[in-house]
Amino acid sequence: QQQQQQQRDHSHQLADGMSGAVGSGRPSSLPVSSVNDARSSLNMSVSDPRNVINTSEIRIQPLLGVAPLGPVQFTKERMFHLAMLEAAYGHMPMTTDSERTRTTVPRNPCITPTYHHQHPPMQCDTFDFFQRLSPETLFFIFYYHEGTKAQWLAARSLKKQSWRFHVKHMMWFQRHEEPKLITDEYEQGTYIYFDYEKWQQRMKEEL
C-alpha cells in the first residue's frame, strides 16, 4: 500500500509539473521516461482489482414493482364493480341502436279492399300497444317474427301477464295454481301452457 501511495504521489507531481509547464507557455522540461512512468503507474492503479468496487445483481419480480407489499385481495365492492363492467362489456351499444325505427314492410304485398287498414296503426311498435293485444296474437308474433323488435315486445308483454318461457320445451307456461313444491332449482304443480303445434292452451298437472 505504501508503494502504491508513493506511485500515486509521484504521478500527481508529474501531472502538476506538466500542467504548470503548459499553463506558463514554456515547453516542458520533463524527460519522456518520467512521463511514461507516470502513465504506467496510473494504468496500474486503475487496473488493480483491489481498487474496483464489487457489485451484485438482484432480480426483483415484476409484481413487486407494481405492488411492493404483494398481491392484495379485492373487496366485495371492488368485485361488484368488476362484475358490472364485465356485464356492461357484454351488452355494448351498437351503431344500429341510434338508427330510426323503420316502418313495417309486408313480405307479400297485395291489393286489399279499402275498408281494411292500408297503413300500420300509429305507435304499433310500443310496449303499451302490445299490452292491449290478446295472448294468442302475442304468441303468433313471438313464434313467427323471430329476431325482430316485435318478438321482444311480445315476449315482454307475455311476461307481464305472468307467462314464463321454458327454454327446454320452447313453450310458454303459466301457473294454474300455487306450486306444491318449490326449490332453488325447480317447482312442481299444475300449469297452463301454449301448444304452438295445435295452437291452443292446454293444462299440465304435476309438471
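How many bridges join β2 to strand β5 (residues 191-195), and do the two run parallel or antiparallel? Three bridges join them, and the two strands run antiparallel. The views below come from a predicted model, in which local features need pLDDT of at least 70 and side-chain atom pairs count only at pLDDT 80 or more, whereas totals for chains, interfaces and linings use all residues. Residues are numbered from 1 along each chain as its sequence is written, and side-chain values use heavy atoms, with hydrogens and water left out.

View A. Strand β1 (residues 164-166) and strand β2 (residues 171-175) run antiparallel and are joined by three bridges; strands are DSSP runs of E with at least two residues, helices are runs of H or I with at least four, and both are numbered from the N terminus. Two strands are taken to pair if DSSP finds at least two bridges between them. R164 has F173 of β2 as its bridge partner. Four residues lie between the strands of this hairpin, and M170 in the turn has a positive phi of about 55 degrees.

View C. Four strands with antiparallel pairing form an open sheet in the order β1-β2-β5-β6. Because β1 and β6 (200-204) stand at the edges with a single partner strand each, one side of each is left without a neighbour in the sheet. The twist averages 35 degrees from one strand to the next, where angles run from 0 to 180 degrees between N-to-C directions and axes are lines fitted to C-alpha atoms, for helices over the stretch in contact. Helix α6 (residues 135-144) packs on the sheet and touches β1, β2, β5 and β6, its direction making about 150 degrees with that of β2; contact means heavy atoms within 4.5 Å.

**View D. The packing of α6 and α7.** Helix α7 (residues 149-160) packs with α6 at an angle of about 140 degrees, and their axes are 8 Å apart. The two helices are therefore oblique to each other, a class that holds the angles left over once those under 35 degrees (roughly parallel), over 145 (roughly antiparallel) and 65 to 115 (roughly perpendicular) are set aside. The contact includes L138 and F142 of α6 and A154 and L158 of α7.
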